[in-house]
Structure formats: structure tokens, C-alpha cells
Amino acid sequence: MKSFKQFAARQALKFYPDFPEEFKAYLVEKLRWEKLGWFQGRVIINSYFPPIPSKAVNSVAKAWRSGMEGRFVPEVATVAVTNKCPYNCLYCSVPDKTVSDMPMDLLNSVIKQLQNMGSYHISLTGGEPLLRGDLEDIIAAVDDRSVVKLFTTGYSLTKARAKELKKAGLFSINISLDSSDRKIHDRGCGFAGAFDIALKAIENARKASLLTCVATVASRNSVLDGTMDTFLRFLKKQGVDEVSIFEPAPTGKLSFREDVVLSDVERKALHELHKKINERADERYPRVFSFPYVEGSSYMGCGAGCTRVHVTALGHVTPCDFTPISFGNIQQENIEVILDRMRGYFKQPGCGCFILNHFKELREMYDDQTGMADGDKLVEREKMVMECHLPAFYKLLMVTQDTKPARYKTNDILGGRVCQMRMK
């Protein structure tokens, strides 16, 4: 596995020859904690990073080069194509499931604008996106400058539909599943049979040669008591390639449920889980992508409103799909104008999840009818503006060779020595 990771690192670094040497060494070090693999003849780091080689990897290089100069772009964009859904999930962040779908022409326009601005990863969400009969057309609207991920409950995903999605250009699919216990998952979804539907969707996605992933929410104590470990092994037996682990946030239905927030000990356990499973490349487990780890200060941090953006099914542009602060609506103005306004508040990536850090203040700002806060109101709450210390990833990316010499040589890392980063 070490030799494969060294090979993958060399392949990746071909796309970043002009980046700071220490930043490249840092990237290689971070590969220790990723379970790299092959997928259809290309190297996969995780489902949120484009396969290597691909045109989308070139988009990553362009986005990071802009970030190196302090000009951040919406690297990752989520677009809700509908609010409709037959489920009633506990962790759902969608306030209204009765609204009409976003028109196809508007979706096509915003997708192209996002790609032109530098988005290399576009996730389609809902509601339940599979309820749209034109979902394949939406996916096909994304050209190969970006990869496309689909978030779904698995509802109505037949083998034939999965193949059509793959043919349209879908790269990966995240199927929601929160437990290996049928009753627990069905209860959490508010839908009888949700568990069996999800398992069948996993099977159909695999047969269609999609990168098959599961999205799950880590409940209190699930990591510490071994429940998550058991669940991950269960998913591997189902043929799942990767598991995205989210932490519960007081938003959507849980806006007034502070009891769901993980403790620092539980959050740290998710950091270690990501590292342990991926570094060992234990075949009893799928690849793990833990958002608490990735959004931590030692890695990429939270890009909400800066390197990450969400468009709701109503056209509102928000910092992310769990942060209901509207900075404008694409039905009324160009998304570039809206993002410029948003960056007036979210000037750079921050350390830690924004909604988890500020959910108490945000609750006071929500509109009773829309369930959203007005972005302009953030000017009255300067302490909420993301101007904290840069996370390690961007701190090193924005260091130029002229201002700070590299302490670690990339070739030394590729030669096998471990880079121990000492962040100041």
C-alpha cells in the first residue's frame, strides 16, 4: 500500500508543479490517512476529489492556484434539484417539501456558471433527486471540468435507472443509511421499508458501476461504543466503496436540539476513525470520509460561503446545505453577483463547521415562514463572520517560496520518510 500511495502521490503532484514545496509535502503526508484505490483505471483518493487523471483534476489545480493568491472560488457546489421527498428524515435540512422543482433551464444556467467560476465537484441533492424524471439531463449538463455526485435515499433507484445515471455522467452516488438495524433506520427516515430500499439501491448502484457510497450521520456515542465500527463492517459486506460520516447539526428539524451535538471527545474519535481505517487499508472496512476530520483546523477547514456554496430548490444561495442563510436568489440575479456579496462575510475558509459554531445566533435570525436567515443581517453580528485563523491546508497553500522556505522536501516524503508537520 505504501508503494501505491507513493505512486498516486507522484501522479497527483504532476498537476501542481508550481505550488509551494511545503504544501505539496503536506498533501503527500495527508495521503497517509486516505484509503487510495483504483476505479475504472484511475486513482481514487475519495469521492469528493476527482479521479486521477481527469479534466476535473485540472479544475482542482486552477481552483487551488486561485486560492494560493487569495482569490477563492466555489470549489464544491451542492444544488438541490427538488424539495419533494416521500421520507420524513430526522436529519433533513429541507424546511418545505411542497414547493415546485427548479426549472431545467435555470438549473443548466447555474451549473454552467458554477463550472465557469471553478467548481470541480457538483453534488445534486434534494429532497429526493430521483423523483425528477429529467435527472439524467441535469447530470449531462455538467461537463467534464467537474465530477458529479448524487445524494439520495435510494428511493426508486432501479438497476435500469442506475445505468442511465451512469451513462449520463454520474461519478458517485451517496445513499443515505444510518444503521444496520432495519427498525432504527426506518424510524429515522419516517418511512417503512427505507432500510430495504437503501440496500437494494446500493446493489443496483454497484451493478451500474457507479462509485457506490453511503452517507451516514454519527449519533451520540455511536463511535465510542463501537456501533459505528460494526456499521462500517456491515456496509463493506454490502459492497460499499466509501462512507461519508456527517455529524448532527442543530439545523432544519433539529434547529432547537442541542442535545444532538457531538462532544469534543466524540468528534476527536471520528478524526481517529478516519485515520485508522484509511491508513491500514483494512479490507474489512470501506473507505471513510469523516467531515469532522476534513473540516478540522489541521486539514481543509470549513469552506462554507467561500470554497463551498449551496443552491436550494427555491433558488436561494446559501453558504452550505446545512446553513440556511440566503444571500440572494438565482431567479432574481446572477449567482456571481450573489457570491460576491457572500464573500463580503465569508472571506476565507475557517476552522470548524460554521453552523455548529454559530447555531445559537442563527436561530434568532430565522424567518418563521422561510426557515432562513437573511445574509445582510450578518453585518450586525461581526463575530460570526469567518475571519478566524486559516486551516493548515490553506495556510500552507498561501505561503510563497519567496516568503518562507520549505522545511520538508517532497522527494523525501515520496522516498518513504514521514513528514511531521509543525504548525505555528
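A salt bridge here is a side-chain nitrogen of Lys or Arg within 4 Å of a carboxyl oxygen of Asp or Glu. The model is predicted, so local features need pLDDT of at least 70 and side-chain atom pairs count only at pLDDT 80 or more, while totals for chains, interfaces and linings use all residues. Residues are numbered from 1 along each chain as its sequence is written, and side-chain values use heavy atoms, with hydrogens and water left out.

| Pair | N to O distance |
|---|---|
| Arg 32 and Glu 279 | 3.2 Å |
| Arg 287 and Glu 242 | 3.1 Å |
| Arg 284 and Asp 282 | 2.6 Å |

Let's start with Arg 287 and Glu 242. Arg 287 sits in strand S9 (residues 287-290) and Glu 242 in strand S8 (residues 242-246), so their bridge ties together parts 45 residues apart in sequence. Helices (H or I, at least four residues) and strands (E, at least two) are DSSP runs, numbered from the N terminus. Both Arg 287 and Glu 242 are buried. Buried means under 20% relative accessible area, exposed over 50%, and partly exposed in between (1.4 Å probe, protein chains only).

Next comes the bridge between Arg 32 and Glu 279. This pair links distant parts of the chain, 247 residues apart: Arg 32 is in the loop between helix H2 (21-30) and strand S1 (37-39), and Glu 279 is in helix H10 (residues 264-280). Arg 32 is partly exposed at 24%, and Glu 279 is partly exposed at 35%.

In the bridge of Arg 284 with Asp 282, Arg 284 is partly exposed at 44%, whereas Asp 282 is buried at 17%. Elsewhere, salt bridges with shared partners join Glu 29, Arg 32 and Glu 279 into one network.
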